[in-house]
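Please keep the sequence and the structure in view while reading.

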Amino acid sequence: MRKNRVLLGSGCLGWALFLANLLCVTPANAGLTEGDAVEAFTLEKGGGGTFEYPADVKGKVVFLNFWASWCPECKIELPELVEIREKYRDRPFVLLAVNMDRKRKAADKFLQKAGLDLVVLFDNEQKAINAFAPVGVPASYLIGPTGKVEKVYVGFKKDYIEKYIKDIEALLVGAGAEEVLPAETAQEESQP
């Protein structure tokens, strides 16, 4: 008799893979992957009001991150994502953080303690979570201005930040959104 192997790993990624193995998640039912179009969705904003995709991000590069307050990697990644958002503040780039906690109170407590300046979206009806169907937490989707998923990232390690920046830059340049240079640097580059 063949015994089921238990997949061991550290943090959220290990547990996510273990749960995916139990639930028989396959690429066919794993949700959105690279090249897939993102369907319209509406989510509640943490500060009040609603966020509507794609209307609220038309023509922009979107980094959509699924996170939870109980996830150790998320606690490390979120401040890094806020820094990336600051880096691209003057460019057509949007960072969205979709919370996956079952109880909003846990997310609010974490956010208050962390003091992050972040647009947090709550998916009370699990519509976006079910549509994207991330196979781990954290999970991020880089969505191009055309509304297609360009990259999918599962889990988090410090070296992912370099990947994120490289991939975001490529999409911004491809969309005609050249890097904004400080006035001083732009003048220096224009002189022979």
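**Charged pairs, sheet and helices**

K127 is exposed, with a relative accessible area of 54%; exposed means over 50%, buried under 20%, and partly exposed in between, for a 1.4 Å probe and protein chains only. The model is a predicted one, in which local features need pLDDT of at least 70 and side-chain atom pairs count only at pLDDT 80 or more, while totals for chains, interfaces and linings use all residues. Residues are numbered from 1 along each chain as its sequence is written, and side-chain values use heavy atoms, with hydrogens and water left out.

K127 forms a salt bridge with E125, and their closest N and O atoms are 3.2 Å apart. A salt bridge here is a side-chain nitrogen of Lys or Arg within 4 Å of a carboxyl oxygen of Asp or Glu. E125 is likewise exposed, at a relative accessible area of 58%. Elsewhere, salt bridges with shared partners join R85, E86, R89 and D117 into one network. The structure holds 8 salt bridges.

The side chains of R104 and E44 also meet in a salt bridge, with an N to O distance of 2.5 Å. Because R104 belongs to helix α3 (residues 104-114) and E44 to strand β1 (residues 41-45), this pair ties together parts that are 60 residues apart in sequence. Helices (H or I, at least four residues) and strands (E, at least two) are DSSP runs, numbered from the N terminus. R104 is partly exposed, with a relative accessible area of 28%, and E44 is partly exposed, with a value of 28%.

Where do R91 and E169 lie? Their side chains meet in a salt bridge of 3.3 Å, N to O. R91 is in the loop between α2 and β4 (93-99) and E169 is in helix α5 (residues 160-174), so the pair ties together parts that are 78 residues apart in sequence. R91 is buried, at a relative accessible area of 9%, and E169 counts as buried at 19%.

The sheet comes next. It is open and has 7 strands in the order β2-β1-β5-β4-β3-β6-β7, with mixed pairing; two strands pair if DSSP finds at least two bridges between them. Its edge strands are β2 (50-53) and β7, each of which pairs on one side only. On average, neighbouring strands are turned by 30° against each other, direction ignored. Within the sheet, β4 and β5 (residues 120-122) pair in the parallel sense over 3 bridges, and N99 has F122 in β5 as its bridge partner. Helix α3 packs on the sheet, touching β1, β3 (61-67), β4 and β5, and its direction makes about 175° with that of β5. Such angles run from 0 to 180 degrees between N-to-C directions, with axes as lines fitted to C-alpha atoms, for helices over the stretch in contact.

Helix α2 (residues 72-87) has 16 residues and reaches 24 Å from its first C-alpha to its last, close to the 22 Å expected at 1.5 Å a residue; the expected span is 1.5 Å times one less than the number of residues. Among the buried residues of α2 are C74, L78, L81 and R85.

Finally, K148 lies in the loop between β6 (139-143) and β7 (149-154). K148 counts as partly exposed because its relative accessibility is 40%. Leaving aside residues up to four places away in sequence, K148 touches G35, D36, A37, L142 and I143, where contact means heavy atoms within 4.5 Å. The C-alpha atoms of K148 and E39 are separated by 9.3 Å, although the two are 109 residues apart along the chain.
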